[in-house]
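This report describes the surroundings of a ligand and the nonpolar cores of a protein model.

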Amino acid sequence: MRTRPLKVALLGCGVVGSEVARIMTTHADDLAARIGAPVELAGVAVRRPAKVRAGIDPALVTTDATALVKRGDIDVVVEVIGGIEPARTLITTALEHGASVVSANKALLAQDGAALHAAAEEHGKDLYYEAAVAGAIPLIRPLRESLAGDKVNRVLGIVNGTTNFILDKMDSTGAGYQEALDEATALGYAEADPTADVEGFDAAAKAAILAGIAFHTRVRLDDVHREGMTEITAADFRSAKRMGCTIKLLAICERAADGASVTARVHPAMIPLSHPLASVRGAYNAVFVESDAAGQLMFYGPGAGGAPTASAVLGDLVAVCRNRLSGTTGPGESAYAALPVSPMGDVVTRYHISLDVADKPGVLAQVATVFAEHGVSIDTVRQQGKDGEASLVVVTHRASDASLTGTVEALRKLDTVRGVASIMRVEGE
Ligand SMILES: NC(=O)c1ccc[n+]([C@@H]2O[C@H](COP(=O)([O-])OP(=O)(O)OC[C@H]3O[C@@H](n4cnc5c(N)ncnc54)[C@H](OP(=O)(O)O)[C@@H]3O)[C@@H](O)[C@H]2O)c1
């Protein structure tokens, strides 16, 4: 074993960074044995230097992250600051100055992954980011390496623990959205401002990363169709139950049936209780992958938290250190397929539509005609009357999102349709 240590600069020492530092210290001997050389924490960049940080030598702490990554003797920079800047400039500077990089930064990778990969390639260094998607769950490496000989057709995932916790609460207790969100906040599962989670921004960043790797195609954050889950009601869950389904916020990356294009989207959807993703409870994450040869695979585990996320960071750190010792780099970006990313209108799926209608003869026929005129075939209809008003629940066969949008626009114009109470896609069948 080499005795000269590999030097690691840690950028950020918060929820994830502090756990990375702790594991580097407590597992130092095992890490050294697995890598073939000791790893030494050479510097820790933070915003507030005076803060007491258990287990961190204060002499290593600096607020000058730029000087740290420019030192020239750093082998690996671990970026766990988060956000776009200064993380982007620090990673680029680190690569320019000879370091390989491990990051947990989904927002940055989803927005600027291509440029960062190009910088890593230009400088002959590694850029690894297993922790950026679904925390501890090994997903990037299985997609990039284990499935490199297969053809992935679909990635269907619960990739945000906060939203899964809220939806699971609504499902299991009958609570409304706000009540479930309040409980998630009180228990520390949701942040004071939950927008990034409940509006699907966090999941959309992960969908962009997953789609890019799964389909060997650049998928930018802007390419991901995104809908949040704040409009979901207890009534939606009752409807889902009647159909033998539950509701999950899903990230869905799909190859079109003809293989010529891909789509990536994040939205709430009904999934059958028999689907493995339906049984993912609480704040857990899971990703269901469908490929030509392997068939169906599911990856399940904690998608966030300091120690679980640090596990993924440490896995990358070991891999990157091994590569440095053997003078090589791991697989970089694979975007050779360069498939076009189709708009949401091209997505084909099933729909559950709940309408408030007048309770009088002929309404059902009128509604059915609108569906037929837009080429959307109806699977089932359920009607419930109350005081001259009625609710009509229509479940369709597979149709394009564009056809469904046209159908709903036309339905809204019918005198007998008082309102469209909810539209939900039905996935995983
Ligand atoms: N938390 C999770 O469960 C989780 C899961 C998966 C991925 N991630 C990703 O991991 C990354 C870190 O998340 P986190 O939860 O650990 O964040 P965090 O607790 O807010 O920690 C951020 C750290 O970065 C430091 N920092 C902020 N601005 C800085 C600057 N300009 N220069 C130097 N240091 C700076 C902060 O310093 P101070 O300590 O002085 O404030 C803090 O130590 C993010 O990209 C996040 O998306 C997190």
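Which polar backbone atom is 3.1 Å from an oxygen atom of the ligand? That atom belongs to Gly14. The model is predicted, so local features need pLDDT of at least 70 and side-chain atom pairs pLDDT 80 or more, while totals for chains, interfaces and linings use all residues. Residues are numbered from 1 along each chain as its sequence is written, and side-chain values use heavy atoms, without hydrogens and water.

**Ligand site**

The table lists polar contacts, meaning pairs of N or O atoms within 3.5 Å.

| Residue | Protein atom | Distance to a ligand oxygen atom |
|---|---|---|
| Gly14 | polar backbone atom | 3.1 Å |
| Val16 | backbone N or O atom | 2.9 Å |
| Arg53 | side-chain N or O atom | 2.9 Å |

On its own the ligand has 900 Å² of accessible area (Shrake-Rupley method, 1.4 Å probe), and the protein covers 79% of this area. Around the ligand there are 21 residues (a heavy atom within 4 Å), of which Cys13, Val15, Val16, Arg48 and Gly305 come nearest. This shell comprises 11 nonpolar, 6 polar and 4 charged residues, with Gly counted as polar and Cys as nonpolar.

**Nonpolar cores**

A nonpolar core joins buried residues (under 20% relative accessible area, 1.4 Å probe, protein chains only) of the types Ala, Val, Leu, Ile, Met, Phe, Trp, Tyr and Cys through side-chain atoms within 4.5 Å. The largest has 77 residues, and Val77, Ile166 and Ile209 touch the most other members. Helix H10, residues 201–215 (a DSSP run of H or I, at least four residues), gives the most to this core, with 11 residues. Ile209 is in contact (heavy atoms within 4.5 Å) with Lys106, Leu109, Ala110, Tyr129, Ala132, Val133 and Ile140, leaving aside residues up to four places away in sequence. Another core, of 34 residues, lies apart from the largest one and includes Val39, Val44, Val76 and Val102.

Terms used. Polar contact = N/O pair within 3.5 Å; in protein donor to acceptor, adjacent residues only side chain to side chain. Buried < 20%, exposed > 50% of the residue type's maximum accessible area, 1.4 Å probe, protein only. Helix = DSSP H or I, 4+ residues; strand = E, 2+ residues; numbered from the N terminus.
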